[in-house]
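Subject: Handing over the structure

Hi,

Here is the structure I promised to pass on.

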Amino acid sequence: CSAFNGDITTPEDLRSRFDVREENGERSVATLLAEQIEFADLIVLNKCDLVKRHETNAIESAVRALNPGAQILRTEFSNVPLDLVLNTHRFDMKKVSNNAGWLRGLRENRVVETREYGISSFVYRSTTPFHPNRLASFLERFCGVVNLDGINERRVAYNENGFHNANSKFGHVLRSKGYIWLAGRDDMCGEWGHAGSNLSISCGGPWMGALPKNVWPEEGTPAREMLERDMSNATILDRRQELVFIGQRLNQCAIEAALEKCLVTRKESLKTTNRRMDEWKLGFSGSLELADNPFPVWPTLDNVDFDVDMGHQHDHDHHHGHH
């Protein structure tokens, strides 16, 4: 419990913290901690005797925001009743896979608010693509470690105390996660993953609207109905920005205003005449030079083997079904 605030905000990766040498050593401590919390059905807050009660309450509220479905126990000296951890037969893969606070936020438009400790969450949505350069510029103000290609990290905006300066403007964002639409990349969605000081964006696979209907969920199923609701705009289909932010004393207005400034504008479009209201949002690749694009080249639909790569991974249980 006493280490939570430090671990969830540290820019360290597993290799530097624990001298891990295998491939997973490049993962951040904060991201691993957030994912472990999100995938748990029982979370033990140990060493509560080393933390003041109001601090423990705030940490428990933060953990509960990350995983609303888990049972949380407070302990000292790891003193846990054995009947709560041994032979419980309580683990349910499907249930824990759906416990994450960010996932519930996307599905249920669920807002978390614990006023006493300042814990809250919100969902940012837009049906206009991000300009890649403006988005990359925002990320360097928003986060301490930014990874756009899965290989190279850019460590930015740390002050002399080691803390990221964004906290004073945006609040203490513990976790943000979801899917983004980059201008000029109309077939592929971007997968946004962020914990503490570490944020990465990678290609999350095709938008469902770009896929042939034979890989869509079966007609008449809840997943198909959800997909068809996402496709209500006949021009942009299910392309969108959909990001959940979870944190303490979040400045929702500042975060949303900064993201709105990252969106492309009609003036930037090469399409001067548009038969449809949203048509100008598509086809930005010709107006965005690759040499100036901070995001690496992503796969295209031509690289997708629908029989092998797709399978049934697009179950559409959460938004677009990208995992």
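Below is what I found, going from the whole protein down to single residues.

First, a word of caution: this is a predicted model. The mean pLDDT of the protein is 79, and 75% of its residues reach 70 or more. Two stretches need care. Over residues 308–323 the pLDDT is below 50, although this stretch has 52 contacts in the model beyond near neighbours in sequence. The pLDDT also stays under 50 over residues 159–163, and there the model has three contacts beyond four places in sequence. Where pLDDT is low, the predicted coordinates should not be read in detail.

Now the overall picture. The protein has 323 residues, of which 51% count as buried, and it contains 11 helices and 10 strands. Its accessible surface comes to about 16,700 Å², with 48% of that belonging to carbon and sulfur atoms. If you take the contacts between residues at least 6 apart in sequence, 68% of them join residues at least 24 apart.

The part I'd look at next is the set of strands around S8. Eight of the eight residues of strand S8 (residues 188–195) are buried, so this strand is largely enclosed by the rest of the structure. Both of its faces are covered: one side carries Met188, Gly190, Trp192 and His194, and the other carries Cys189, Glu191, Gly193 and Ala195.

S8 has a partner in strand S7 (residues 172–180), with which it pairs in the antiparallel sense over six bridges. In that pairing, tyrosine 179 stands opposite glutamate 191. S8 also pairs with strand S9 (residues 198–206), again antiparallel, over eight bridges. There, alanine 195 has asparagine 198 as its bridge partner. The hairpin of S8 and S9 has two residues between the strands, and glycine 196 takes a positive phi near 60° in this hairpin.

S7 itself has nine of its nine residues buried, so it is largely enclosed by the rest of the structure.

In soluble globular proteins, nonpolar side chains tend to be buried together.

Leaving out residues up to four places away in sequence, its contacts include Phe122, Tyr124, Phe142, Val173, Trp192, Ile255 and Leu259.

A helix is worth a look too. Seven of the 10 residues of helix H3 (residues 29–38) are buried, so H3 is largely enclosed by the rest of the structure. The buried ones are Val29, Ala30, Thr31, Leu33, Ala34, Ile37 and Glu38.

On to the cysteines: how many disulfides are there? The count comes to zero. The sulfur of cysteine 189 has its closest cysteine sulfur in cysteine 203, 6.7 Å away, which is too far for a bond because a disulfide needs the two sulfur atoms within 2.5 Å. Cysteine 189 is buried, with a relative accessible area of 0%, whereas cysteine 253 is exposed, at 61%.

Last, a residue on the outside. Is phenylalanine 77 buried or exposed? Phenylalanine 77 is exposed, with a relative accessible area of 72%. You'll find phenylalanine 77 in the loop between strand S2 (71–74) and helix H5 (93–97). Not counting residues up to four places away in sequence, phenylalanine 77 touches Asn46 and Asp49. Asparagine 46 is 31 residues from phenylalanine 77 in sequence, yet the C-alpha atoms of the two are 6.8 Å apart in space.

Happy browsing!

Notes: Residues are numbered from 1 along each chain as its sequence is written. This is a predicted model: local features need pLDDT of at least 70, side-chain atom pairs count only at pLDDT 80 or more; totals for chains, interfaces and linings use all residues. Side-chain values use heavy atoms; hydrogens and water are left out. Buried means under 20% relative accessible area, exposed over 50%, partly exposed in between (1.4 Å probe, protein chains only). Helices (H or I, at least four residues) and strands (E, at least two) are DSSP runs, numbered from the N terminus. Contact means heavy atoms within 4.5 Å. Accessible areas come from the Shrake-Rupley method with a 1.4 Å probe; for residues, only the protein chains shown count as cover. Two strands pair if DSSP finds at least two bridges between them. pLDDT is the predictor's confidence in each residue, from 0 to 100.
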